[in-house]
Amino acid sequence: MVATRIDGKAFAATLREKIGGQVAALKDEHGITPGLAVVLVGDDPASQVYVASKGKQTKAAGMNSYEHRLSADASQAELLALIGRLNADSAVHGILVQLPLPDHIDEAEVINAIAVKKDVDGFTIANTGRLTTGQRAMVPCTPLGCLMLLRDQLGDLSGKNAVVIGRSNIVGKPMAALLLADSATVTIAHSRTKNLPEVVRRADIVVAAVGRPQMVKGEWIKPGATVIDVGINRTDDGLVGDVDYDSVAEVAGAITPVPGGVGPMTIACLLANTLTACCRANGLPDPAGLSL
């Protein structure tokens, strides 16, 4: 068996086209343009690349892009004051603070200062609680992208056994909540789970988000399972995921590559969340096919 390669890059391109079309319709019919504000503190090279990419794709989708840069020694009070101004700005529908932040800034306090309706990363306590309890929420972008890929590949997820490897607030926990909402039977595993290969081997769906290069091996995988690799790890051999792609692809039914799998979906879902936030702020229905 050779696994089907799940092309996240192509899926994300199609998703961005849908978003662009709905943004254009929003402008034509209501005179409204979604706006995304991205805040970067410091000069971390990787963060600068991510922010530039987000700005480029935001503009390509027809949205307004607002970029705010603060120096690495900016105080927490300065950052919170900026977020306060963005919360009050009616032209800004989504606010994203690029992580990581400098050590002297309390990341949780900053995230929770973002207005819930503008929290397009879905990281605030309020949105996390809403997602977990099945209420309407802004959903974290990476898990949302994974769910879209799974639905596209498998259709109905009801009753399927899913294992999420990783328990982070950004990916693991919200991913589990989304799978539960789709009526999958979900296990959250992690690096300290006993007999982890045996746990994973029972899964119809595996989402690997543990942050360890090529940790998941082919012998861990149930034949025909669908494997979503969220990991991005820099090694001497280049970028690799949390899954040993070559060995897993010989057993799985479908698998995402790294790069070109989940990564492109994250920014596409950020744009989707911004459009959703804009529609909700203006009392309009959620955009079709872009939100839960």
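The model is predicted: local features need pLDDT of at least 70, side-chain atom pairs count only at pLDDT 80 or more, and totals for chains, interfaces and linings use all residues. Residues are numbered from 1 along each chain as its sequence is written, and side-chain values use heavy atoms, with hydrogens and water left out. Helices (H or I, at least four residues) and strands (E, at least two) are DSSP runs, numbered from the N terminus.

**Salt bridges**

- The structure holds five salt bridges. The term means a side-chain nitrogen of Lys or Arg within 4 Å of a carboxyl oxygen of Asp or Glu.
- One of them pairs D286 with R136, with the closest N and O atoms 3.9 Å apart. This pair links distant parts of the chain, 150 residues apart. D286 sits in the segment after α10 (262-281), and R136 in the loop between α5 (125-132) and α6 (141-154).
- D286 also meets R280 in a salt bridge, at 2.8 Å from N to O. Shared partners join R136, R280 and D286 into one network.
- R136 is exposed, at 55% relative accessible area, and D286 is partly exposed, at 25%. Buried means under 20% relative accessible area, exposed over 50%, and partly exposed in between (1.4 Å probe, protein chains only).
- K222 and D204 form another salt bridge, at 2.7 Å from N to O. K222 lies in the loop between β7 (205-208) and β8 (226-229), and D204 in the loop between α8 (196-201) and β7, so the pair ties together parts 18 residues apart in sequence.
- K222 is partly exposed at 30% relative accessibility. D204 is partly exposed too, at 22%.

**Helices α6 and α10**

- The axes of α6 and α10 come within 8 Å and cross at roughly 110°. Axes are lines fitted to C-alpha atoms, for helices over the stretch in contact, and angles run from 0 to 180 degrees between N-to-C directions.
- That makes α6 roughly perpendicular to α10, a label for angles of 65 to 115 degrees.
- Residues of α6 in the contact include C141, L144 and M148; among those of α10 are V262, M265 and L270. Contact means heavy atoms within 4.5 Å.
- By class, this contact has nine nonpolar, four polar and no charged residues. Ala, Val, Leu, Ile, Met, Phe, Trp, Tyr, Cys and Pro count as nonpolar, Asp, Glu, Lys and Arg as charged, and the others, Gly among them, as polar.

**Helix α2 and T58**

- T58 lies in helix α2 (residues 45-60). T58 is buried, with a relative accessible area of 1%.
- Not counting residues up to four places away in sequence, T58 touches L36, M63, N64, S65 and L271.
- The buried residues of α2 are S47, V51, K54, G55, Q57 and T58. They pack against α1 (8-30), β2 (35-41), β3 (64-70), β4 (94-97) and α10.

**Backbone exceptions**

- Most residues other than glycine have a negative phi, and most peptide bonds are trans.
- The L99 to P100 peptide bond is cis, with omega near 5°. P100 is in the loop between β4 and α4 (107-113).
- V258 and P259 are also joined by a cis peptide bond, with omega about -5°. P259 is in the loop between β11 (254-255) and α10.
- S183, not a glycine, has a positive phi near 65°. S183 is in the loop between α7 (172-181) and β6 (185-189).
- N195 has a positive phi of about 55° and is in the loop between β6 and α8.

Terms used: Parallel < 35°, antiparallel > 145°, perpendicular 65-115°, else oblique.
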